[in-house]
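Reader: Could you walk me through the pockets here, and start with how you sort the residue classes?

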Amino acid sequence: MILTKAQYEEIAQCLVSVPPTRQSLRKLKQRFPSQSQATLLSIFSQEYQKHIKRTHAKHHTSEAIESYYQRYLNGVVKNGAAPVLLDLANEVDYAPSLMARLILERFLQEHEETAPSKSVINSMLRDPSQIPDGVLANQVYQCIVNDCCYGPLVDCIKHAIGHEHEVLLRELLLEKNLSFLDEDQLRAKGYDKTPDFILQVPVAVEGHIIHWIESKASFGDECSHHAYLHDQFWSYWNRFGPGLVIYWYGFIQELDCNRERGILLKACFPTNIVTLCHSIA
């Protein structure tokens with residue numbers, strides 16, 4: 001799904017006033033019925049993550065953390081089965097999984113002799129049954145399963161979706177009888193920063209030569225695309241030549257402005273590939 005910048009901004013503007021819940025996503029789908037669910041979810045998640053980055057600091061002051069912790073303690077004393085931590089996160093407009101991390105760290109600091117390590121915290125968030133307090137374990141679990149943008153459950157889903165699209169891309173390349181090296185093969189050869197696939201014989205797509213293909217199971221918005229250009233795509237271009245980026249959930253049309261410089265954007269696997277064999281024939 002390729003959107004103009006104006007179309008994207010209309011969707012993004014609608015997200016400003018809605019909480020990051022699955023109910024909000026359903027309302028967004030009703031508001032923009034022509035857009036796919038996957039595209040809206042990707043935009044929804046990316047816009048919320050931008051919001052969290054902008055407001056992150058205010059939630060991490062010692063005063064804020066202590067206030068949240070005391071409110072949590074007071075809440076579970078009244079009713080330990082109520083979603084105290086989840087309600088608190090929604091009230092102060094902070095991601096539930098991140099709120100759970102804050103409270104868990106504060107709890108462990110109070111009850112353990114040494115400060116908890118990051119690996120211990122991550123392990124407890126992945127498996128709340130490890131938390132040495134049944135009430136807090138349940139509160140953390142409620143936050144994890146109700147967070148559609150952050151947390152170990154979301155990370156696992158994103159990883160699986162990313163892998164699924166890489167497998168799909170591999171199958172499409174094989175179907176087209178294109179010879180390629182994948183990321184693992186390239187790293188075995190000593191490359192430290194590689195695209196998902198290098199074509200051993202370049203192809204042409206819409207008149208542009210393609211040496212490599214990168215799969216992105218997300219929507220290409222301005223922020224993420226510029227970050228990818230800086231951190232990945234131009235590095236690939238310097239090492240391997242011009243290439244193709246597939247944003248499977250769409251992108252902002254105006255971002256496809258580097259074709260002549262060697263970065264082509266598509267929202268699906270191209271059907272009009274010209275191979276060396278076809279060009280000779």
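Author: Ala, Val, Leu, Ile, Met, Phe, Trp, Tyr, Cys and Pro count as nonpolar, Asp, Glu, Lys and Arg as charged, and the others, Gly among them, as polar. By that scheme, the lining of the largest pocket has 13 nonpolar, ten polar and eight charged residues. The model is predicted, with local features needing pLDDT of at least 70 and side-chain atom pairs pLDDT 80 or more, while totals for chains, interfaces and linings use all residues. Residues are numbered from 1 along each chain as its sequence is written, and side-chain values use heavy atoms, without hydrogens and water.

Reader: What volume does the largest pocket have, and which residues lie nearest its centre?

Author: Its volume is about 980 Å³, and Ser42, Ser45, Lys158, Ala217 and Ser218 lie nearest the centre, out of 31 lining residues. A pocket is an open set of points on a 1 Å grid over the protein atoms alone where a 1.4 Å probe fits, with protein on both sides within 12 Å along at least five of seven lines, and lining residues have an atom within 4 Å of a point. Points are joined across faces, edges and corners, and the volume is the space filled by probe spheres set on them.

Reader: Which helix gives the most to that lining?

Author: Helix 3 (37-59), with nine residues; helices (H or I, at least four residues) are DSSP runs numbered from the N terminus.

Reader: And the second largest pocket, which helix gives the most there?

Author: Helix 3 again, with five residues, and Tyr48 and His51 are among the residues nearest the centre of that pocket, which has a volume of about 340 Å³.

Methods. Helices (H or I, at least four residues) and strands (E, at least two) are DSSP runs, numbered from the N terminus.
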